[in-house]
Amino acid sequence: MCCDLKRRFLLLYATQKGQAKAIAEEIQQQAGARGLEAEMHCMSEMDKYNLEAEKDPVVIVISTTGTGDPPDTARKLIKKIQDKTLPPDYFAHLQYGLLGLGDSEYTFFCNGGKTVDRRLQELGAQHFYDTGLADDCVGLELVVDPWIDGLWLALKEVFLLQKEKEGMSSNANAITNSLPTVPCEHEPDLTSKIQQLKLEDEGVRSSSVLSQKLVDINLVTSVQDAEPSLVHSVPPISQSALNVPALPPEYIEVQFQDTRGEDPSLASLVSEGAVFEVPVTKAVQLTREDAIKTALLLELDISDTTFDYQPGDSFCVICPNNAYEVKELLRILGLSEKGEYVVRVKVKQGTKKKGATHPQHIPERSTLKFILTWCLDIRAIPKKAFLRALVECTSDAGEKRRLQELCSRQGASDYTRFIRESNACLMDLLCAFPSCRPSLNLLIGKWLTFNLIRFEHLPKLQPRSYSVSSSNLFQPGKMCFVFNIVEFPACPFRLASRKGVCTGWLAELVEPLLHANKSIQGAKGGNPSTEKISIFARSSCAFHLPADPSIPFMMVGPGTGISPFIGFLQHRQKLREENKDWRFGETWLFFGCRHQDRDYLFKQLRCFLESGTLTHLKVCFSRDLPAAEVAPPKYVQDMVRLYAKEVARILLKEGGYFYVCGDKKHMADGVSDAVVDILSMEMGADKLEAMKVLAALREAKRYLQDVWS
């Protein structure tokens with residue numbers, strides 16, 4: 001410990017996919033280097049901390065999931081503090097700083113953090129440090145890094161005030177000197193100048209020596225290249241001294257035995273609920289071969305399971321990494337012959353990482369191939385801490401320098417351009433930097449121990465969520481879903497395009513059926529398919545039909561956004577058939593696609609129209625040349641505007657519902673703007689008042705979105 005006096009703060013995190021936890025761990029690590037004690041807990045571990053009695057500062061890192069929901073691990077605490085009987089001074093003793101994580105592509109940006117922040121304020125808690133809201137759309141690090149930098153000065157001031165209140169102001173100078181300004185080995189200062197690194201791992205030296213070395217390196221590398229790239233930099237960064245983050249302590253040890261063994265079940269990888277392995281019984285390509293995107297519909301047989309759903313629900317598919325990419329990764333790491341060997345993963349003995357625990361998404365015992373296939377997201381965009389760890393595995397001086405640049409403060413724009421925006425992944429980096437080779441390094445008895453590309457830096461391979469496109473009432477024992485096959489184009493460091501992890505796998509899985517254009521069971525008397533996928537239900541959402549069938553509703557779903565509305569209409573049609581005496585409200589569907597003859601996904605919508613299940617169907621085609629002199633609307637938001645009076649009537653006079661499903665940035669926001677304009681015009685109110693009305697509709701769960709970026 002670098003300081004004689006050590007001060008404590010409580011560090012809470014709430015995460016859905018691991019981002020908030022990773023940031024909290026970074027804060028804890030930096031705190032330890034500064035002589036501070038960060039007592040870290042997941043927000044759900046309410047038996048391990050007590051905010052009602054907390055006297056020290058509290059630091060909160062919380063993410064947002066879905067379209068604005070708090071993560072599952074925050075729900076217990078949020079439910080507790082939202083108790084309306086709590087007095088307004090309930091947390092008057094509490095001082096806190098909050099860092100929220102979100103994505104501005106979604107309407108309720110950082111809503112998880114904002115919800116906690118707002119409620120703590122209402123209950124009397126005080127900020128000791130301004131709230132930070134980090135945007136994953138542009139890069140979390142743009143807010144996270146400076147927020148953490150400023151945290152230490154804010155904490156120092158809190159501790160000084162605490163001592164003064166305790167009548168120990170005479171020690172103020174000692175505290176000031178003992179906190180963040182006292183240099184420790186590998187300790188960052190307040191501006192986060194953590195380490196001035198040079199190419200050789202000879203320790204920290206002066207910036208002048210480093211700068212001179214960098215000039216020499218720049219002369220050796222290809223000076224004729226004027227444009228930066230993933231592997232090449234240009235001045236000023238190529239000649240700058242770098243602020244490179246400290247190397248995070250290793251805490252995972254991977255060992256494998258020279259024997260083969262069985263892998264755990266996929267169900268063991270999921271903690272959210274029951275996992276069902278179900279056969280794919282039907283697959284249909286909904287788009288023509290010359291369509292820009294390829295859309296598939298898959299039908300699953302859930303008749304032998306207890307899986308249940310409502311139209312509008314979503315479910316998750318457990319998917320593997322691409323088999324070829326896993327094979328290539330093993331080859332590059334020199335482990336091709338070891339893929340089927342049993343691996344044991346455990347916390348490294350003597351690790352300096354505080355509170356190190358075994359990652360829940362990695363089995364304690366399985367084959368190496370299973371871990372790389374089902375557990376770790378090898379396509380994940382590497383964080384800067386991962387790049388920093390890879391520096392230690394890189395032998396070429398120029399490659400080492402470039403990796404340092406990409407994880408440095410000075411290289412922030414290059415990181416965004418060549419890593420984040422280019423969707424670079426581990427495989428891309430290992431191919432672009434050939435001398436970067438994490439390898440075997442230690443032999444212990446019959447167990448071979450190695451640091452495999454720092455397992456702790458590869459996040460969990462997340463299940464993929466899809467909207468249900470059917471009704472169990474209409475098709476008992478069946479469940480359908482629709483998706484586009486995601487395509488990532490080639491780029492300078494990736495010569496071939498690649499498909500999405502899950503959509504590419506699903507497309508390959510059903511390829512024989514698509515070629516045959518028939519049920520997987522084949523013709524009568526054919527053998528049932530053995531192709532199965534593992535699924536589990538997502539937590540319930542509000543994206544459901546109105547409980548009262550007489551209530552009218554409007555649906556907006558271009559492209560695959562139409563998926564849940566097929567389930568809505570199937571369900572409504574069956575209800576109409578079984579309940580002749582019920583009164584049903586009118587239904588509207590706004591659908592759009594590029595070309596009428598290429599990607600009109602469900603032309604059978606006309607059947608719903610003819611039966612009366614669907615009252616109004618409005619379609620538009622954005623890329624077709626207009627036949628009439630007056631061009632028709634190109635996009636669904638334009639079509640919605642054409643029916644302004646009907647939209648206003650249903651929302652304002654008849655208590656109807658409005659559903660939007662599909663792309664967030666290019667469609668859902670446009671539809672929202674259109675509705676605001678319609679409300680403003682029809683109410684004779686200004687835009688601000690119309691926005692308040694729309695916000696009230698959202699709050700009442702009458703304006704509902706199921707969107708993605």
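This is a predicted model: local features need pLDDT of at least 70, side-chain atom pairs count only at pLDDT 80 or more; totals for chains, interfaces and linings use all residues.
**Entry: confidence**

The protein chain has a mean pLDDT of 84. I noted that 86% of its residues reach 70 or more.

Over residues 180–224 the pLDDT falls below 50. The model still gives this stretch 84 contacts beyond near neighbours in sequence. I marked residues 439–452 too, where pLDDT stays under 50. For that stretch I wrote down 35 contacts beyond four places in sequence.

**Entry: salt bridge count**

How many salt bridges does a search of the whole structure find? The search returns 30.

**Entry: Lys80 and Glu52**

I looked up this pair and found the two side chains meeting in a salt bridge, at 2.9 Å from N to O. Which parts does the pair tie together? Lys80 belongs to helix α2, residues 75–81. Glu52 sits in the loop between β2 (36–42) and β3 (58–62).

I checked accessibility next. Lys80 is partly exposed, at 39% relative accessibility. Glu52 is also partly exposed, with a relative accessible area of 27%.

**Entry: Arg402 and Glu405**

Here I found another salt bridge between side chains, with N to O at 2.9 Å. Both Arg402 and Glu405 lie in helix α10, which covers residues 397–407. They are three residues apart, about one turn of the helix.

Are Arg402 and Glu405 buried or exposed? I have both down as buried.

**Entry: Glu577 and Lys574**

I turned to helix α15, residues 563–578. The side chains of Glu577 and Lys574 form a salt bridge, and the N to O distance is 3.8 Å. Glu577 and Lys574 are three residues apart in this helix, so about one helical turn separates them.

I looked up how open each partner is. Glu577 comes out at 40% relative accessibility, which counts as partly exposed. Lys574 has 23% and is partly exposed as well.

**Entry: a network**

Which residues do they join into one network? I listed Arg8, Glu39, Glu54 and Asp56.

Key. Residues are numbered from 1 along each chain as its sequence is written. Side-chain values use heavy atoms; hydrogens and water are left out. pLDDT is the predictor's confidence in each residue, from 0 to 100. Contact means heavy atoms within 4.5 Å. A salt bridge is a side-chain nitrogen of Lys or Arg within 4 Å of a carboxyl oxygen of Asp or Glu. Helices (H or I, at least four residues) and strands (E, at least two) are DSSP runs, numbered from the N terminus. Buried means under 20% relative accessible area, exposed over 50%, partly exposed in between (1.4 Å probe, protein chains only).
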